[in-house]
Amino acid sequence: MARDVWPEAHAQSERRYVEVGWGDGEFYPAPHGTVAMALRAAFRSRSSVLHVAAFDPAVPDFFAGAPVVELRVTPAGFDALCTFVADTHARDVTRRGMVVAPGLYGAGAFYQARPRYGAFANSNQWAARALLAAGVPVSPGLSVTSGSVLAQVAPLGTVVRAEWPAPVR
């Protein structure tokens, strides 16, 4: 990927991996989300953000508590995925991404994004649109939950870890 396509991914280029997620501008970066914030995000969101985080450990190790599916895409698909993410950034007059909060983990930050988040334009549908841009045959309309995204991609890739860990009781 050319550095000028998605410069925010290159900001931490000394790291091995980059993770990106999109969500509501108030709820996603909040240290402790509330039900009121979740409802506002779903039905009256005022903004959206991209979380861009870089890290070195292997993906299954870094996200030890989450399901992981490895997908292979072509170089052109990867470039299209990066272009999709870059186009989600809201940019200032100099075309730079605008940092709005520190990241949740790894080396990274939250950036102001577009379009506006909502119940029917949520993070899982955004992820499915990103995968579709990369050439992965998924349906954003059927991607309302993370489980529905995983169910679509699991047969297309290598399932590294399928289950969420059991809750601690």
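The structure here is a predicted model, in which local features need pLDDT of at least 70 and side-chain atom pairs count only at pLDDT 80 or more, while totals for chains, interfaces and linings use all residues. Residues are numbered from 1 along each chain as its sequence is written, and side-chain values use heavy atoms, with hydrogens and water left out.

**Helices α4 and α5**

- The axes of helix α4 (residues 75-88) and helix α5 (residues 123-133) come within 7 Å and cross at roughly 140 degrees, and the two helices are therefore oblique to each other.
- On the α4 side the contact (heavy atoms within 4.5 Å) is made by Gly77, Ala80, Leu81, Phe84, Val85 and Thr88, and on the α5 side by Trp126, Arg129, Ala130, Leu131 and Ala133.

**Histidine 89**

- Histidine 89 lies in the loop between α4 and β4 (99-102), and because its relative accessibility is 2%, histidine 89 counts as buried (under 20% relative accessible area).
- Leaving aside residues up to four places away in sequence, histidine 89 touches several residues, among them Trp6, Glu8, Tyr111 and Arg114.

**The second largest pocket**

- The second largest pocket holds about 180 Å³ of space, and of the 13 residues that line this pocket, Asp24, Phe27, Ala41, Tyr117 and Ser123 lie nearest its centre.
- At least two residues of the lining come from each of β1 (17-24) and α2 (35-44).

Conventions: Axes fitted to C-alpha atoms, helices over the stretch in contact; angles between N-to-C directions. Helix = DSSP H or I, 4+ residues; strand = E, 2+ residues; numbered from the N terminus. Parallel < 35°, antiparallel > 145°, perpendicular 65-115°, else oblique. Buried < 20%, exposed > 50% of the residue type's maximum accessible area, 1.4 Å probe, protein only. 1 Å grid on protein atoms, 1.4 Å probe; cavity = no way out; pocket = protein on both sides within 12 Å on 5 of 7 lines; lining within 4 Å. Points joined across faces, edges and corners; volume = space filled by probe spheres on them.
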